[in-house]
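This briefing covers selected residues, a surface patch and aromatic pairs in the structure shown below.

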Amino acid sequence: MALAPLPRRIRFLPNKKASLARASNITHLALTALLNASLMLSTLPILSILPVLSYANDTLDDEEIYSDDFEMDFDEEGGREGDSVTGKSKPKKTLIPAYFTLSHTLAYPTRNGNHPVVNRSALRAQMDYGFGEHYFLRLDAKAEVDQVYRGEAQYQSVSDEYYRRSKARELFIQASLGPLSVKIGQQLVIWGKADSGVITDVFSPRDLRESIFTPVENSRLGQTMIVADYYIYNQESQQQFSLVVNPDIDVNEFARPGHPYGPNLIPNASSLDAQFNNAIILANSENVAPGFSLPDAEFGLRWTYTRDNFDVALMVADLVDNNPIIILNEANNDLFSAQRPTTILTTILTTSPTTLPATSPTTLNSLFTSHYKRYQMLGGGFNWGDGNFVWKGEFAFKRGLSFNRLRPEALTENIRNIRFEQVIRAVKRDSAEFAFGFDYDHNGQLSASLELTHQALFNHHDAILLQGRDESSNLYGVVTQKWRNDTLTGSYTSGYQIQDKDLFHRLELSYDISDKWSTTIRGDYFQIKDATQSNSLFGALANKDRVSLQVNYDF
């Protein structure tokens with residue numbers, strides 16, 4: 001079971017000198033030039049598909065297709081892209097009646113309290129419906145109610161947002177004509193092969209409210225997209241060309257302060273740095289997506305070649321970052337004059353350089369807002385089957401990732417004349433990322449996976465907010481054993497953050513009681529070397545160990 005990707009973590013850090021800054025500038029420039037050329041070539045197919053997308057947007061109201069109140073949290077049928085070394089098969093037209101899953105999940109922390117952190121009932125509906133000779137409809141939706149937000153006093157501040165949620169993850173129509181297949185509607189696009197990081201799986205944002213407690217295959221969020229696939233077959237190989245256009249841009253959803261896994265605000269904060277910290281946390285967890293915009297649509301092009309037990313893919317994309325940066329909230333904040341729009345704090349601070357007046361905390365909390373910038377990606381991946389092993393890897397060069405450069409000390413240097421860009425401003429950095437690992441299967445009973453992921457930022461020489469270091473490496477492994485005619489499954493999952501030496505352990509036991517009933521028991525444990533200095537997500541979850549029970553009924 002894959003972990004959810006590790007999001008950026010809020011932390012104030014001293015300046016560092018990146019090891020990649022010592023790497024060859026020629027390599028960096030070559031990757032940038034290759035990405036530019038790839039993006040220019042990939043825009044050509046977009047010109048022919050934009051009229052179709054524009055017509056769909058004019059004729060189909062979003063509310064006629066799906067409700068904005070829905071939620072999703074369930075497995076993809078068929079697993080992630082790249083699980084099979086034989087590649088994707090040609091789309092099939094099937095007629096399958098709707099089916100439902102009723103589930104209840106109960107989770108308790110093993111430290112710091114004996115009240116539940118999850119007490120959720122959910123109903124999931126799925127339908128695959130083929131009609132005519134060339135058309136197919138898919139629905140995958142879920143509604144849930146979590147009693148934690150009614151019964152536990154400490155979560156009342158977010159009860160209206162998290163008590164009842166529902167959304168359709170997939171609701172699309174697919175039309176197939178010979179080797180061409182086109183899907184329009186709410187859907188998922190899965191490009192990546194890695195289990196523990198987002199290397200090339202860049203199109204589908206994640207529901208990260210419960211962090212790594214939600215497996216990555218359950219956390220992906222659907223978006224209203226148009227996806228065209230063209231297949232070329234011969235006796236020995238298959239090629240697939242995929243074009244993705246996404247005007248309905250969604251972003252990662254993080255837990256807000258007050259959620260069991262949300263960031264902690266500094267209580268009763270009166271100092272300037274504490275108020276500044278709280279304002280950044282609140283802005284970072286706004287979860288306000290850019291929304292539907294045809295001119296600002298994301299797009300990507302992917303080529304896949306499959307032969308025997310080997311497949312390789314190359315891809316290029318122009319995207320909106322799923323993680324936000326923080327900008328000054330000038331549009332809705334009348335504290336700032338038109339003459340000096342970037343001057344901050346002057347009208348709300350007392351003569352003291354380190355404290356705020358008693359009426360200012362709420363005002364300062366709305367000082368910032370989140371904003372999502374664009375970046376470009378050039379990437380690739382492969383699968384190679386060799387006996388019981390499947391070796392897999394992927395790489396990506398990402399240009400123009402946006403971060404905030406932070407100088408909190410500027411708050412006390414010249415408080416009356418401080419300007420916003422002196423304290424926190426947007427900077428762009430390029431990154432090189434890769435993942436490499438294997439999957440092992442023995443007679444379908446015993447399986448194991450091991451994977452290494454690594455990210456390196458070019459020119460990481462400033463104090464970067466939400467990105468703790470210039471290089472980050474993670475090891476991820478899972479071992480699974482099945483018994484009793486595959487009705488009983490036990491697994492052990494572990495993650496290791498190499499730089500911080502933080503460990504995560506998960507033990508899980510699933511039992512299919514009958515054709516309709518199943519249950520899963522899980523325990524999660526974090527082994528953190530130093531929670532005060534850790535930059536990893538595991539460090540953010542220190543003392544969040546928990547046990548959980550889930551019961552499912554299929555009908």
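**Briefing on a predicted model**

Asp524 is located in strand S24 (residues 517-527); strands (E, at least two residues) and helices (H or I, at least four) are DSSP runs numbered from the N terminus. The model is predicted, so local features need pLDDT of at least 70 and side-chain atom pairs count only at pLDDT 80 or more, whereas totals for chains, interfaces and linings use all residues. Residues are numbered from 1 along each chain as its sequence is written, and side-chain values use heavy atoms, with hydrogens and water left out.

**Two aspartates**

- Asp524 has a relative accessible area of 3% and is therefore buried (buried is under 20%, exposed over 50%, partly exposed in between, with a 1.4 Å probe and protein chains only).
- The side chains of Asp524 and Arg506 are joined by a polar contact of 2.6 Å (a pair of N or O atoms within 3.5 Å; within protein, one must be able to donate a hydrogen and the other to accept it, and residues adjacent in sequence count only if both atoms are side-chain atoms).
- Apart from neighbours within four places in sequence, Asp524 is in contact with Phe213, Phe504, His505, Arg506, Asp545 and Arg546 (contact means heavy atoms within 4.5 Å).
- Asp308 lies in the loop between strand S12 (298-307) and strand S13 (310-320), and counts as exposed at 60% relative accessibility.
- The C-alpha atoms of Asp308 and Ser237 are 7.2 Å apart in space, while the two residues are 71 residues apart in sequence.

**Aromatic pairs**

- The count comes to 21 aromatic pairs (rings of Phe, Tyr and Trp, the last by its six-membered ring, with centres within 6.5 Å; planes under 30 degrees apart are stacked, over 60 edge-to-face and the rest tilted).
- The pair of Trp391 and Phe438 is tilted, because the ring centres are 5.3 Å apart and the planes stand at 55°.
- This pair links distant parts of the chain, with Trp391 in strand S17 (residues 389-406) and Phe438 in strand S18 (residues 424-442), 47 residues apart.
- Trp391 is partly exposed, with a relative accessible area of 26%.
- Phe504 and Phe526 form a tilted aromatic pair, with 5.1 Å from centre to centre and 35° between the planes.
- Phe504 lies in strand S23 and Phe526 in strand S24, so this pair ties together parts 22 residues apart in sequence.
- Both Phe504 and Phe526 are buried.
- A cluster linked by ring pairs is made up of Phe213, Tyr261, Phe504, Phe526 and Phe538.
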